[in-house]
Amino acid sequence: MKYLTLIFANLRRKKLRTALTVLSIIVAFLLFGYLSAIKTGFTAGVEVAGADRLITRNKVSLINLVPLAHKRDIEAIEGVDLVTHQSWFGGIYQQPTNFFPQFVVEPEPFLDLYPEYVLTEAQKENWLSNRTGVIIGESLVNRFGWKEGDRIPLLSPIWGNVDGTQDWAFDVSAVYEAAEEGVDTSQMFIRYDYFDEATGNIGAVGWYTLRIEDPDQAAEVAADIDRAFANSPDETKTEPEGAFLQGFANQVGNIGFIIGAIVSAVFFTILLVAGNTMAYTVSERTNELAVLKAIGFTDTGVLSLVLGESLVITALGGGLGLLLAWLMVSAGDPTNGALPIFYIPPQDLILGIVLIFALAFVVGIMPARSAMRLQVSDALRR
Amino acid sequence: MFRALSQIVSVTRFSLASLPQRLGSSASAMLGIAGVVAVMVGVLSIAQGIMSTMTGSAKPANVMVLRSGADTEMTSGLGGDEARIITEAPGLARNGDEVLASRELFVIINSPLKSTGTDANVPLRGVDRTAAQVRQDFEIVEGRMFEDGIAEVIVGVGASLEFSGMNLGDSVEIGSERWPVVGIFSTGGGVSESEVWSDARVVQDAFRRGNSYQSIHATLTSPDSFVAFKDALTSDPRLNVSVVTEAEYYAGQSQLLYNLITGLGTLIALIMGLGAIFGALNTMYTAVSSRTREIATLRALGFNSGPVIFSVLAESLLLALAGGLIGAGLAWLAFDGFRAATLNFASFSAITFAFDVNLPLLIAGIFFALVIGFFGGLFPAIRAARTPVAHALREL
């Protein structure tokens with residue numbers, strides 16, 4: 001307790017300096033939190049990918065379709081529990097900058113396979129009873145002001161409608177809830193039966209998503225599926241959903257590395273600033289520290305006094321910085337739709353707290369040691 | 001006037017002379033600013049690199065013809081007859097008998113990135129041989145051009161660097177087939193260098209496209225004939241197409257990525273800059289307080305507050321300038337020309353590019369450093385000038 005009183009008395013002595021140091025640490029942790037949300041946005045979905053889900057696509061590329069006939073063959077493979085398919089719709093709402101993803105799905109197996117999209121029974125029935133019905137996520141509601149019952153016109157540069165135009169229209173049947181953080185709520189899901197009829201039964205789909213019985217067997221099942229179509233005109237490539245999404249994120253760039261480099265640069269500079277201030281503060285107080293020792297403070301006592309001061313400053317700055325980052329991230333994605341998944345993952349918050357203690361130690365240890373080693377007689381004479 | 005000037009010069013010299021005594025704290029503020037500038041220049045150079053790759057190499061007289069309503073080559077489609085009519089349109093440049101127009105297909109193939117080993121959407125472009133004359137500065141740098149009608153490819157230098165198995169003598173996997181790489185080509189920078197090229201008819205067969213194409217790339221006799229060419233095509237009842245200049249098309253494609261990276265980069269730089277201002281303020285307040293007596297003495301000797309303010313600001317700006325130069329220099333050394341690949345969302349295909357640390361960016365970085373230095377020095381300078389002389393002399 002007496003240490004705390006002393007620490008706060010010391011911090012109050014040069015209020016401006018303390019405030020500036022705390023402010024610069026706030027900025028460091030604000031950036032740390034904000035950048036971790038940006039990183040999460042770029043690696044969209046990897047964290048919530050289901051371990052028991054595989055994706056089977058055309059081996060040539062994702063834009064090449066896979067025959068609808070593959071479905072029965074995949075279902076026959078041992079270890080496969082449920083098979084459904086999705087297609088990329090790629091519609092434009094009013095103008096291309098309003099981009100958001102739309103997928104064509106089979107409603108019932110889709111909802112079964114992806115429990116992270118939650119609908120009430122009534123909402124589900126509503127969707128199943130309307131062939132032109134779609135379900136959308138919360139962030140589309142916020143972005144375009146859509147609600148249940150609205151009719152959404154989309155222009156698809158890829159899919160011609162049966163009437164020979166590229167114009168489509170869908171009804172919002174329901175707004176799905178995300179079962180956990182990290183689920184993309186900027187998507188629209190369209191019914192396959194309606195899509196298939198309107199495009200004139202093309203007999204091919206974008207890719208298959210399937211559930212397997214045992215996630216540990218993922219590699220074997222994937223190999224079995226690809227072997228089944230080897231040397232056919234439509235060879236496949238099957239991989240776990242997480243690997244697929246990670247591969248996609250890798251294409252965007254090595255975001256993790258870039259963000260890591262920026263965070264290191266930020267912490268290095270903050271370390272310099274805060275470390276320098278602490279060193280200056282201690283050397284300025286040589287006399288007092290010597291007096292403390294002279295009146296009976298032990299070496300470890302003085303060491304913990306200085307380290308404690310360092311910890312109070314970094315904890316204050318780090319805590320406020322992380323809080324501020326959380327507030328800014330909650331306010332939403334700064335890019336207006338480009339990063340639909342935007343939150344600070346819990347493990348990064350924990351890492352932030354670890355960093356607070358690490359920074360406190362690194363900043364405080366040198367001045368604390370020099371304070372501990374202070375010879376009373378020398379110091380008092382200075 | 002002269003008196004003020006000479007006061008400024010002598011006080012500033014005085015304060016700079018004492019700088020080595022505050023080396024630790026000055027260096028930390030300087031390196032802090034260097035870090036901010038390095039990050040800012042580094043991140044923005046990614047956006048610059050993408051922009052200059054996408055737009056840098058377009059010939060002013062080059063045009064593209066797509067199906068009306070298609071926003072990218074990927075979603076476009078032109079029948080064989082339509083393609084023929086377009087290549088016979090007026091206003092196209094010629095080289096001897098050949099019309100400088102290339103009928104092209106644009107698809108993607110899976111090929112692993114060298115850096116991660118995971119698949120990338122590598123653009124495969126089926127072209128007419130005239131494509132080599134339509135593109136700016138096309139040159140085979142290794143090997144030879146592909147032969148018509150044979151399943152073989154030439155690879156752009158960028159693609160060859162970033163994707164594995166794309167060197168001369170390798171073969172590219174296309175579904176169950178393997179097409180040998182017979183040449184490496186360059187187009188003097190530009191987006192084509194991220195692509196793999198083959199004969200259009202071979203690509204039509206492999207991707208079951210019949211006799212259809214996705215776009216026509218052509219060179220006009222002069223940029224001025226664009227309107228006439230466009231009108232001729234869009235008013236032709238046999239066609240349903242849109243005509244854009246190559247420059248306009250690629251600028252549009254890079255806009256999204258450019259804005260995203262520039263926006264995020266600027267936001268990060270501004271927040272970091274705020275942190276650096278706090279650091280600089282700390283350093284300068286410390287500097288001023290350690291010189292309280294000295295400054296008070298000068299004031300007592302008859303120096304005005306103007307020169308005192310100026311000397312503190314000058315010190316802060318000088319530190320910031322040094323930090324800015326170090327940061328900009330580091331960014332230039334570390335990032336300029338650094339090669340990377342990313343996904344162009346507009347075409348859903350990979351582009352390879354080099355980070356571009358250019359002069360305007362370096363100047364912007366140093367200017368930002370000076371802004372940080374200015375704010376970091378201003379308030380301590382005002383405090384130095386305002387401290388009552390009698391009070392300050394008694395201190396310490």
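A word on conventions: residues are numbered from 1 along each chain as its sequence is written, while chains are lettered from A in the order in which they are written. Since the model is predicted, local features need pLDDT of at least 70 and side-chain atom pairs count only at pLDDT 80 or more, whereas totals for chains, interfaces and linings use all residues.

Let me begin with strand β11 of chain B, residues 196–199, where strands are DSSP runs of E with at least two residues, helices are runs of H or I with at least four, both numbered from the N terminus, and two strands pair if DSSP finds at least two bridges between them. β11(B) runs parallel to β6(B), residues 119–127, with four bridges, and pairs antiparallel with β8(B), residues 153–156, over two bridges. B:Val196 is the bridge partner of B:Leu124, and B:Val155 also stands opposite B:Val196.

Turning to the chains, 43 residues of chain A are in contact with 47 residues of chain B, contact meaning that C-beta atoms, placed from the backbone, lie within 7 Å. On the chain A side, α2 (15–42), α9 (241–252) and α10 (255–284) are the elements that give two or more residues.

Technical notes: Contact = placed C-beta atoms within 7 Å.
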